[in-house]
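Q: Can you walk me through this model? Keep it brisk.

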Amino acid sequence: MMEKHLTPYQSVITEIKSIISSGQEAAYSASSKAMMLTYWNIGKRIVEQELGAVNVQSTVEV
């Protein structure tokens with residue numbers, strides 16, 4: 001009996017599921033991008049520190 005009441009809403013329910021799914025995918029993508037940029041910036045900063053230390057050491061040895 002309850003199913004008959006939901007039948008007119010089936011297309012709306014399907015569309016809402018699709019909207020939720022699309023939103024979740026966008027959130028996952030944004031989160032992945034943010035994490036990738038975070039790790040890239042951490043690596044960049046470490047390399048800059050190491051290169052700076054090498055340059056300072058080269059100057060001292062001369």
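Q: What percentage of the residues in the chain is buried?
A: Buried residues make up 0% of the 62 residues. Buried means under 20% relative accessible area, exposed means over 50%, and partly exposed is in between (1.4 Å probe, protein chains only). This is a predicted model: local features need pLDDT of at least 70, side-chain atom pairs count only at pLDDT 80 or more, and totals for chains, interfaces and linings use all residues. Residues are numbered from 1 along each chain as its sequence is written, and side-chain values use heavy atoms, without hydrogens and water.

Q: How many helices and strands?
A: Two helices and zero strands. Both are DSSP runs numbered from the N terminus: helices are H or I with at least four residues, strands are E with at least two.

Q: How many salt bridges?
A: One. The rule asks for a side-chain nitrogen of Lys or Arg within 4 Å of a carboxyl oxygen of Asp or Glu.

Q: Which residues pair up, and where do they lie?
A: K44 pairs with E48, with the closest N and O atoms 3.6 Å apart. Both lie in helix α2, four residues apart, about one turn of the helix.

Q: Why do K44 and E48 count as partly exposed?
A: Because K44 has a relative accessible area of 39% and E48 has 41%.

Q: New topic. Which residues form the nonpolar patch on the surface?
A: Y9, V12, I16 and I20, with about 380 Å² of accessible area together. Patch residues have over 30% relative accessible area and no salt bridge; like charges are joined within 9 Å, nonpolar side chains (Val, Leu, Ile, Met, Phe, Trp, Tyr) within 5 Å. Areas use the Shrake-Rupley method with a 1.4 Å probe; for residues, only the protein chains shown count as cover.

Q: Where is I16?
A: In helix α2, residues 10-61. I16 is partly exposed, at 43% relative accessibility.
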